[in-house]
Amino acid sequence: MRDVSRVGGKNASLGEMITNLSVAGVQVPRGFATTADAYREFLARDGLDERINRRLDGLNVADVEALTAAGRQVRDWILQSSLPLPLETAITQAYQRLQSETKVDLAVAVRSSATAEDLPEASFAGQQ
């Protein structure tokens, strides 16, 4: 649980379950996590974070059409951006390692795990 700020609550909990329940015979699905730092590095690449901030700056959150347009544009920017090569390599290697541990076809689930989702003053669940 000391890694929540690095990998988010869901990932930290999965790590705890793998560490503590596997020895008791409980089968916890294997996986890997990217870090919040890797996410920030991706956003900083080529100024994506700055473009997103400029696009969202002054956005009227009561204007659903403006929110929809901004969300669509930000998603497009993210999808058009490539991962930094070291991150892409690390993810590929982690996936291949996971696949080699599995004796059957590998089924995966991708989950977001924010480092701060449910705070007393705000909820960000599902934001990523």
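Analyst: Happy to! From the N terminus on, the elements run α-α-α-α-α-α-β-β, with helices (H or I, at least four residues) and strands (E, at least two) taken as DSSP runs numbered from the N terminus. This is a predicted model, where local features need pLDDT of at least 70, side-chain atom pairs count only at pLDDT 80 or more, and totals for chains, interfaces and linings use all residues. Residues are numbered from 1 along each chain as its sequence is written, and side-chain values use heavy atoms, leaving out hydrogens and water.

Let's centre on helix α4, residues 48–56. Helix α3 (residues 36–44) packs against α4 at an angle of about 80°, their axes 5 Å apart; axes are lines fitted to C-alpha atoms, for helices over the stretch in contact, and angles run from 0 to 180 degrees between N-to-C directions. So α3 is roughly perpendicular to α4, a label for 65 to 115 degrees. In contact (heavy atoms within 4.5 Å) are Phe42, Leu43 and Ala44 of α3 with Leu48, Asp49 and Ile52 of α4. Those residues divide into five nonpolar, no polar and one charged.

On to helix α5 (residues 64–80): its axis and that of α4 come within 10 Å and cross at roughly 175°. That makes the two roughly antiparallel, meaning over 145 degrees. Here Leu48, Arg51, Ile52, Arg55 and Leu56 from α4 meet Ala66, Ala69, Ala70, Gln73, Val74, Trp77 and Ile78 from α5. By class, this contact has nine nonpolar, one polar and two charged residues; Ala, Val, Leu, Ile, Met, Phe, Trp, Tyr, Cys and Pro count as nonpolar, Asp, Glu, Lys and Arg as charged, and the others, Gly among them, as polar.

Definitions and conventions: Angles under 35 degrees count as roughly parallel, over 145 as roughly antiparallel, 65 to 115 as roughly perpendicular and the rest as oblique.
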